[in-house]
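I opened a new structure today and kept notes as I went. Here is what I looked up.

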Amino acid sequence: MDSSGGDPYRSHLAGDGEKDTVWRHGAPPTYDAVNALFEAERTQEWPAGSLEEVVQNAVKTWEMELSHKARLSDFKSVSPGRFTLSVNGGRARGGEETLAVGSYNALLAGSPLLAAAGAYDAAAETFASSHDLFRAAFPRGFAWEVLRVYSGPPVIAFKFRHWGHMEGPYKGRAATGEKVEFHGVAVLKVDEQLRAEDVEVYYDPGELLGGLLKGPKVESSEEDRGEVALAERLGEAAAVSASGADPPPRACPFLSSGKPE
């Protein structure tokens, strides 16, 4: 029985096996937009039934389940109770933790430099906010393809490419319309049913985030800047009142001709 729900690259979207599945948004997702991007711009078109196609579709299915199924028990692409994910040699996360934080937080966690640069702070993002952030930046989707498979199961090593077009804003940066992409390698250990048991991903986050930060900063309005300045002054006043000290002198932000900090 077809369990793809009409999607040519992902399984376990429909059929009797999904009749009790709890979907995050109430129904199975559709991938028409990102499939169109994938088909138009992929660099490889693997033969049907080839190892490369099997690996590519298996990873797309896993990503779909992680992003859209609310319970780990509804996953069909991972080995029950044995799944772990690690990124760039970092701590391995179990299935429930990976599901709770989401794919973007799992892939972008562990680097204080990203947060310090204002590029991405996994500790400050939720599952929902992280997905909203990248959906806004890539309205046509974030396509993914296998470039090469180095070894077959049970330990599958492969190289991949991930890309999208920044046609929306990202963290205060305006859309550039440019293609943003990165490459990486992964080692996927699977069971006899090709369900993932252990996934290791290696890539350079700067390759992705550098492209998203290229756009000019979106200027806030005078009203927004005034509200921020007023909030800062009210906060200082409250702190001074609590301490009993005299407030420090400061130029009025509404009269200053300089740029806000």
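**Strand pairing**

I started with strand β3 (residues 143-149), which is joined to β4 by six bridges, the two running antiparallel. I noted that this is a predicted model. Next I looked at the link between the two strands. β3 and β4 make a hairpin, with five residues between them. I also looked up V149 and found F158 in β4 as its bridge partner.

Then I turned to the pairing of β4 with β5. Strand β5 (residues 179-190) runs antiparallel to β4, and 11 bridges join them. For G164, I found the bridge partner V180 in β5.

Is strand β4 enclosed by the rest of the structure or open? I checked burial residue by residue. Nine of the 11 residues of β4 (residues 155-165) are buried, so the strand is largely enclosed by the rest of the structure.

**Whole chain**

I wrote down their order from the N terminus: α-α-β-β-α-α-α-α-β-β-β-β-α-α. Of the 261 residues in the chain, 39% are buried. I looked up contacts with a separation of 6 or more, and 61% of them are between residues 24 or more positions apart. The accessible surface is about 14200 Å². Carbon and sulfur atoms account for 55% of that surface.

**Salt bridges**

I counted salt bridges next: the structure holds 17. I picked out a few pairs.

R71 and D74 form one, with their closest N and O atoms 3.0 Å apart. D74 has a relative accessible area of 8%, which is under the 20% cut-off, so I logged D74 as buried.

R91 and E97 also meet in a salt bridge, at 2.8 Å from N to O. R91 has 56% relative accessibility and counts as exposed. E97 is partly exposed, with a relative accessible area of 29%.

D132 is partly exposed at 46% relative accessibility. R135 is partly exposed at 40%.

Note on methods:
Residues numbered from 1 in each chain as written. Predicted model: local features only at pLDDT ≥ 70, side-chain atom pairs only at ≥ 80, totals over all residues. Heavy atoms only, no water. Buried < 20%, exposed > 50% of the residue type's maximum accessible area, 1.4 Å probe, protein only. Helix = DSSP H or I, 4+ residues; strand = E, 2+ residues; numbered from the N terminus. Pairing = 2+ DSSP bridges. Contact = heavy atoms within 4.5 Å. Areas by Shrake-Rupley, 256 points an atom, 1.4 Å probe, with all protein chains shown as cover. Salt bridge = Lys/Arg side-chain N within 4 Å of Asp/Glu carboxyl O.
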